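Here are a few exercises to work through with the model open beside you. Try each task before you read its solution.

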Amino acid sequence: MKMMMMMTSSLLILLLLHPSLTAALISTSSDPKAILDLKESIVKGLGFGADDFKVTGFDPREVQVGHSVQYEFDVEVDKKVIPFKLLEDVNRWDFVDLPIFRVDGDEPGSENGLVKKSGGRNGLPVLAPFQLAGPMELWIQDADNMRLSLPHDVDAGVLKKVILADGAVVTVKGARSVSLRHPLDLPLPLNRSQNGFAAGLLTLTEQLRHTSRTQGAPLLSLRIVGPTSLASPSSTSTSTSSNNKLKLKRLAPGLVELSSPANTKTIEALSTVDVQEEAPTLLTPTQFTTLWPVASLNGSNANLLGFEKLLSSVLGPKANKKGSFKLLKADVSAQTFVKIGFQAEKKIKEGDGISLEGIPEWRTKPETVRMHFEVLAKVDGDKVIPERVMPVTPVDVEDTVAPNVLNGNVTMSNIPLVQPPPNPFLL
């Protein structure tokens, strides 16, 4: 009994003298919920059973965080919906402490918590500033403190809807996403790129702009999430007229209309021409270079040219014939992505297609195979959604074999001696 009391007191003194050992005993070894959900999604996505497939090696301290822009489109062609998902390359990856990867009880900067290893970007990612041109309507969400500058700040209350009249151009800053509220019927044919310009998309958007001018209500309706300001373009912009001031008209609480006194139009000849018939010959890149309604997007943009080629390949022969297709969904959003490596162990079974030819006959055949992967996932609130899982070739470990095994298990006494030729320069 006395000996047990002495051991208990010694253990208490040891814990008091070593707080790191105390934290290690108290802290749990379970992964954060985001990691557990990510593991489950990966196992389901790869199509393996949970009993035969084990995912290990997730270390929240090695999570790399980056920001990018994601494009999602749904196109309907001949009653068939074709989804597109495009992602810009991440220019920079940082080791950032994300709260969703913390174990319960950990604090940032603590020994158990994650520590930021390099400079990161805090807060939600936003899109780069861009310009929108009327006629169109904007539905504003999650923007209680949005500034309205025309070019001076105007107090218009909490705005929910902004109508841009024909000729009005605004610069949108701080938006997290822009999406299409209603489907659009887009006319064909879609001309191919000419002289480095996306001539087909430029012609198509100008036809939509002409239709919007002739109708009573704006044809195009966009939803913008989280903008911090709507402002008239600066005087240095070449896409707008010299008079950049906008007039504000209050239509209802939370609803305003912005119009330009100059009310300039890109192509006056369209008012007397049947656009559907004559647009392919009249609308050329020499007359306009910006993609309506995004006035800040030039027709020679590499992403725009790539999307036009992709759309032409999907439409096939229909792209060069008169007709139409429908744009059901268009969503551009700034997203946070994470990149992390992991290992997977799978039990070897007959019919798995796993080859063991490289293993010598004398060596014990493994019962499991270990694979290395890297997952690219999108952060959506408290969830981590895997986007792409890529196999990674690990660093080869040098394999050491005993000399007697290489020599066929022959002892050194049976190996004949080989005398090298004498060298007169050696003593």
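**Exercise 1.** What span should the 14 residues of helix 3 (residues 33–46) have at 1.5 Å a residue, and how far apart are its end C-alpha atoms?

*Solution.* First, the ground rules. This is a predicted model, where local features need pLDDT of at least 70 and side-chain atom pairs count only at pLDDT 80 or more, while totals for chains, interfaces and linings use all residues. Residues are numbered from 1 along each chain as its sequence is written, and side-chain values use heavy atoms, leaving out hydrogens and water.

Next, helices (H or I, at least four residues) and strands (E, at least two) are DSSP runs, numbered from the N terminus. The expected span of a helix is 1.5 Å times one less than its number of residues. For helix 3 that gives 20 Å, and its end C-alpha atoms are 20 Å apart, so the two agree.

**Exercise 2.** Find the buried residues of helix 3 and say what covers them.

*Solution.* Step one: buried means under 20% relative accessible area, exposed over 50%, and partly exposed in between (1.4 Å probe, protein chains only). In helix 3, the buried ones are Ala34, Ile35, Leu38, Lys39, Ile42 and Val43. They cover an arc of only 165 degrees around the axis, so they sit on the same side of helix 3. (The arc is that of the directions from the helix axis to the C-beta atoms.)

Step three: the cover over the buried residues includes strand 1 (53–56), strand 18 (323–347), strand 19 (368–380) and strand 20 (383–391). Contact here means heavy atoms within 4.5 Å.

**Exercise 3.** Is Thr171 buried or exposed?

*Solution.* Start by locating Thr171 in strand 9 (residues 169–173). Its relative accessible area is 14%, so Thr171 is buried. Leaving aside residues up to four places away in sequence, Thr171 touches Pro129, Phe130, Gln131, Ser229, Leu230, Ala231 and Pro233.

**Exercise 4.** Which residues have the most contacts inside the largest nonpolar core?

*Solution.* A nonpolar core is a set of buried Ala, Val, Leu, Ile, Met, Phe, Trp, Tyr and Cys residues joined through side-chain atoms within 4.5 Å. The largest has 58 residues, and Leu132, Leu138, Val162 and Phe325 have the most contacts inside it. A second, separate core of 23 residues includes Ala34, Ile35, Phe53 and Phe342.
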